[in-house]
There are 2 protein chains.
Amino acid sequence: MARIVQKYGGTSVGDPARIKNVAARIKAIRDEGNELVVVVSARAGVTNELIARAKEVCANPSEREMDQLLAVGEQETIALTAMALHGLGVQAVSYTGAQAGIFTDKVHTKAKIRTIDAKPLEKDLNAGKVIIVAGFQGINDEGQTTTLGRGGSDLTAIALAAAIKADKCEIYTDVDGVYTADPRVVKNARKLDEISYDEMLELASLGSKVMQTRSVEFASKYNVVFEVRSSFNHNPGTIVKQEVAYMEKVVVRGVAVDKDQAKVVVSNIPDKPGTAAKVFRALADANINVDMIVQNVGRQGVANLTFTVPQTETAKAERTLAPVLKEIGGGNVSVDEKIAKLSVVGVGMRTHSGVAATLFTSLADAGVNLELISTSEIKISVVIARDQADEAARVAHAAFHLDEI
Amino acid sequence: MARIVQKYGGTSVGDPARIKNVAARIKAIRDEGNELVVVVSARAGVTNELIARAKEVCANPSEREMDQLLAVGEQETIALTAMALHGLGVQAVSYTGAQAGIFTDKVHTKAKIRTIDAKPLEKDLNAGKVIIVAGFQGINDEGQTTTLGRGGSDLTAIALAAAIKADKCEIYTDVDGVYTADPRVVKNARKLDEISYDEMLELASLGSKVMQTRSVEFASKYNVVFEVRSSFNHNPGTIVKQEVAYMEKVVVRGVAVDKDQAKVVVSNIPDKPGTAAKVFRALADANINVDMIVQNVGRQGVANLTFTVPQTETAKAERTLAPVLKEIGGGNVSVDEKIAKLSVVGVGMRTHSGVAATLFTSLADAGVNLELISTSEIKISVVIARDQADEAARVAHAAFHLDEI
């Protein structure tokens, strides 16, 4: 008998038939004598429908009300999933984020989990019930509904797995696991059996789209071993865990492409101590995620700052920066949305040299120009033209022989 | 400046355009300097969609999960209504039932309000915000979502009006107010300017469909004066309040027809003390509303019990009665769903005689057979064949000159 947390994403619970399919999977695991906590997302499409309705009544909906609105998506799924289990004769009970004791900070639409009070949930678990928890949502200490941002349901699952000391955490999605590259783009991409948190983090943050960064960070911090796998078959997935020694033998684990970023150039700002700090403080206060920062000092005491932000936040970034530039005495903002970020990731980079040279040479040979470069211990990222991104991924995948290992 | 509670029903908030219309009405009242708490229902149709989805995953969904599911309908509307107000520059904040401190008992799908802790709501009200509260829902002392049953949003509004000591409570619906009869059936039916709680109670419980009984009872108990009016125009509605002397001058206030009832006959049960008690105790424990009870003692020590129940509960009533009949030693249950209940209501009946005679004579002249009769101080009800109900309503309306007063 094990204590298992499972998470099913929006496509897995996309309609009543799929919810019944998920219920059958849950019953099979339950029948083996396991304790089960199941986190579900809103069914695919619901969130967009709700957002569309919000935009119809108000051009710029408040984030507090958006949270109140979006939380209904998961609330529908938990009730339907519990009912589907009842239909199979399985005792089950649904919990909203608030009912599951998921307490967050006050930042609407992007709340962070502070604590989980799992006592009521443990009680039902001990009574032999399957617990169905609404992913993506929580409650702040004023009793307001909050949501955890993109990929929030994964975070709910991993945080619950830590809180109830689960033996296993399974993240069910519509892909079979983590691949060496996007299989739709790179035909001979392979599924990885295992990957370290750090590698997964870099891949997640760089657009492999399997999971959001925060969930992996949380898992790493609390050492929650989890498996990413498909709810549409019974294939084993990819296990994400602490790095172990043999992992270092593989220099590059995978290639990730992120087409959802935009490049922002803040040019001609006074080259004085504290200017960059003011720019990034303002962006941070507006909750805009900034990545790949490069600063050049130009001629005549002016500097250029270049960085990437999620495309959805370019307008907000421009709005945020306007008063800052006024305050620091000048500067212009320009945005280029036609870029992509390509990265190669592997913990083996720590102990192997020449990775950057191999990457840059292969891309140069393919005629791909590098607009920005940034590196960490276990990854190298480059910003390139978006229309060259797929070809660049294939080239990099081949350069590191990722189809062979 | 007044403190006003308003309630808008499902058709009033049926789509984003109508929600914006409601927001405009709210803004107008707010701009006059009033404090506003607004209760909204789920948009029309949502509840049925959710129930259909529930039936797809489970033939007989649990009531606890049904509450969890149905609560999402109102949660969507509150967020959208608050957003629509923001779009008009009005400060507004949405509250779920739980957030509004609406504590209920544990009876899922038909919970009763126990207490309202309006402190958080008062705080936002004092800060000048319009408060949007989800109707129909509450929370029990185990933190589970409950719903208040049909017409629950009206109850939410009236209970909140009592809790925050509102000066006015306005129930907006898709009709102009309470009529002397259903205007779709009786062409010369008139809208009433005022009606007493007792009359409204009888009309509500008898199928005038404007409001459910419980809300009116609650209003009467806490002396909440409320107005039933339309959200689609600015006509004055019908004010419901304590009885005043001049109301007695009108003998019959209105004619109501309820086509949602069925007649249940429990025949050939032993005529012993306690048998009827056992039958109605079992129905009460199953939360089945029983009305118009008549008992005949037949030959040879057997008795017949006849009563009406909501049509939706006939199957449940039959299931509930089967073991009871076994226990009391025999009897049969038969159900007739092709009936209607017609009632005439008026506080003036207390002091006027001959009302029953006028009603029975007029119906007999029209060839309408009476299957059951029951009377109270201020109403006379008869069960008749459903296909004669509309004609019977017209005949009774004319017999009491309700178009003239």
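Hi everyone, let me start with a helix: α8 of chain A, residues 275–285, lies across β14, β15 and β16 (302–310) of chain A, and α8 runs at about 145° to β14(A). Helices (H or I, at least four residues) and strands (E, at least two) are DSSP runs, numbered from the N terminus. Angles run from 0 to 180 degrees between N-to-C directions, with axes as lines fitted to C-alpha atoms, for helices over the stretch in contact. Helix α9 of chain A, residues 314–328, also packs on the sheet, where α9 touches β14, β16 and β17 of chain A and makes about 10° with the direction of β14(A).

A quick word on the source: this is a predicted model, where local features need pLDDT of at least 70, side-chain atom pairs count only at pLDDT 80 or more, and totals for chains, interfaces and linings use all residues. Residues are numbered from 1 along each chain as its sequence is written, while chains are lettered from A and ligands numbered from 1 in the order in which they are written.

Now the sheet itself. It is open, with four antiparallel strands in the order β15-β16-β14-β17 of chain A; strands pair if DSSP finds at least two bridges between them. At the edges are β15 (291–297) and β17 (332–336) of chain A, each pairing on one side only. β14 (residues 261–270) and β17 of chain A share five bridges, and S267(A) stands opposite N332(A).

Next, α5 of chain A, residues 152–163. How well does its length fit? At 1.5 Å a residue, times one less than the number of residues, its twelve residues should span 16 Å, and its end C-alpha atoms are 16 Å apart, which agrees. Twelve of the twelve residues in α5(A) are buried, meaning 20 or more other C-beta atoms, placed from the backbone, within 10 Å of their own. After α5(A) comes K165(A), with a positive phi near 50°.

Finally, the two chains. Superposing chain B on chain A takes a rotation of 179° with 0.0 Å of shift along its axis, at RMSD 0.1 Å. That is the relation of a two-fold axis. V72(B) comes closest to the axis among chain B residues, at 2.6 Å (C-alpha).

Where they meet, 30 residues of chain B contact 31 of chain A, contact being C-beta atoms, placed from the backbone, within 7 Å. The largest share on the chain B side, 14 residues, comes from α3(B).

Technical notes. Contact = placed C-beta atoms within 7 Å. Least-squares fit on C-alpha atoms with pLDDT ≥ 70 in both.
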